[in-house]
Structure formats: C-alpha cells, structure tokens
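Q: Could you take a close look at one part of this model with me? I would like to hear about the surroundings of its ligands.
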Amino acid sequence: MPTQFNRLAVILHWFSAVLVMLLLFAGSQMLAPLDNSDPMKIGALQGHATLGVLAGLLTLIRIINIRMRGKPAEISPEGSLMARASSIGHKALYLLILAVAGSGMAMAAAVDLPAVIAGQAMLPESFAHLGARSAHGILTKLLALTILGHIAAALYHQFILKDGLISRMRFKRMD
Ligand code: HEM
Ligand code: HEM
C-alpha cells in the first residue's frame, strides 16, 4: 500500500481545488448576479461552463487514477469514526463536483447554450424556471460547506493532531 498520493493525484488535487473554489466564488458573486440581458452574460456563461466541464472531467480522471493505482490507507485507525468520516467526506466531494457539473450541463442543454454562444439563439429572461438551476444552486452550497469541512479537517490533522497529513498530498521527487 502506498504511503502517499501518487504524483498525478497530487497535481489534480491542487489544480481542482483552485479551480472549484474559483468556480464557486465567481459563479455566486459574478455570474449569477448578472442579468441575462446584460451584454457580459454570454461571455461569462461561456467561461463558467468551459471551466465547469473541465472540473467535472478532471474529477472523473481523479477517480479512475485512484481506482487504478490505489491510495494510502486512512491515516486514522481503521474503522474509527475519523477514518469513516474521511472516507465518506472524500466520496461526497467527488459526487458533489460531478452532480454540480451535471446540473450545469443540464441547464446549458435546456437553453441550448452552444447556439446562444454562436449567436443563433437567445437566452431566456432567466434560468429560474429550470429545475436544474435550483439543483445547481443547492448542490453548489452543499459543495462549499463540504469543502469548508474538508479544509477544517485537514488543518485539524496538521496542526492539532500533528500527524503530517498534508505531506501525503505534497509534491515529492520520488514516484
Ligand atoms: C486549502 C485547501 C485544501 C487542503 C489543505 C486539502 C488537503 C487535503 C489532504 C491533506 C488530503 C489527503 C487526505 C488523506 O491523506 O487522507 C486531501 C484529499 C482530498 N481532497 Fe483536499 N484539500 C484542500 C482543498 C480541497 C478542495 C477545494 C477539494 C475539492 C475540490 C478537495 C478534494 C479532495 C478530495 C476529493 C480528496 C480525497 C482524495 C482521495 O482519497 O481520492 N480538497 N485534501
Ligand atoms: C464544478 C463545477 C461548477 C461549479 C463549482 C459551479 C458553480 C456555480 C455557482 C456557485 C453558481 C451560482 C449559484 C447561485 O448563486 O445560486 C453557478 C451558476 C450557474 N452555473 Fe455553474 N458551476 C459549475 C459547473 C457548471 C457547468 C458545467 C455549467 C454549464 C455547462 C454551469 C452553468 C451555470 C449556470 C447556467 C448558472 C446560472 C447563472 C444564473 O443564474 O444566471 N455551471 N455555478
């Protein structure tokens, strides 16, 4: 069993971490407040959708990479509450990112975003009538809360338990 995450897992973890936090921030603070009639909206949607699909794809690659190459055993004792919480928390992060990207793509399909970007269709007045919009809103909030819990847990391990958890997700020369 490896003692730390493999190099690809580490690269994808930190790249996805920045990307997903950026999408959460820009989505809620910059994209959603823009009216659909605002001339900036289509460009903002295009950027958000492209990066959002990328976040979903990178998550699929992360899952395949971990399935194929394995990962270190839980740092907390096997079967302990901490080990189970960590395993459930990590699965929840993966599932939430995929569900957020999926609901975003459902919205894009419902309004035919590619045609809107190509100038061949108009955006509806708003996205509010779409079930996928409500799902995207709720799932992004759940994702943000789960990430806060994840960061708090990582800091608790690192600075209170002092078990060197973060070094398992650090770039090392070997591997
Ligand atoms: C400052 C922010 C962050 C820190 C310090 C951090 C730290 C860590 C550490 C140390 C691990 C390895 C845990 C272990 O050894 O069991 C880990 C795993 C993980 N992190 Fe983060 N993380 C951060 C942000 C994020 C964000 C924003 C996301 C979501 C996009 C994320 C998703 C994950 C996932 C899914 C795993 C599990 C990997 C696996 O078991 O497959 N992390 N993180
Ligand atoms: C992990 C990936 C993604 C994250 C973290 C994310 C995040 C967000 C956030 C935080 C909001 C604002 C929610 C609110 O304030 O209620 C939002 C809105 C939105 N997102 Fe995403 N998103 C992602 C992927 C996608 C994808 C792949 C698409 C389309 C292909 C998409 C399309 C949209 C649309 C259309 C809105 C609504 C904008 C509005 O109400 O005017 N998102 N997203």
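Which helices each supply at least two residues of the shell around ligand 1?

A: Happy to walk through it. This is a predicted model, in which local features need pLDDT of at least 70 and side-chain atom pairs count only at pLDDT 80 or more, while totals for chains, interfaces and linings use all residues. Residues are numbered from 1 along each chain as its sequence is written, and chains are lettered from A and ligands numbered from 1 in the order in which they are written.

The helices you ask about are α1 (7-31), α3 (81-110) and α5 (131-161); helices here are DSSP runs of H or I, at least four residues, numbered from the N terminus. Around ligand 1 there are 21 residues, the closest being Ala17, Val20, His90, Ala154 and Arg168 (near means a C-beta atom, placed from the backbone, within 6 Å). That shell divides into 14 nonpolar, 5 polar and 2 charged residues (Ala, Val, Leu, Ile, Met, Phe, Trp, Tyr, Cys and Pro count as nonpolar, Asp, Glu, Lys and Arg as charged, and the others, Gly among them, as polar).

Val20 is also buried in α1, as are Ala9 and Leu23 (20 or more other C-beta atoms within 10 Å of its own, placed from the backbone). The cover over the buried residues of α1 includes α2 (41-69) and α3.

Notes. Buried ≥ 20, exposed ≤ 12 C-beta atoms within 10 Å, placed from the backbone. Contact = placed C-beta atoms within 7 Å.
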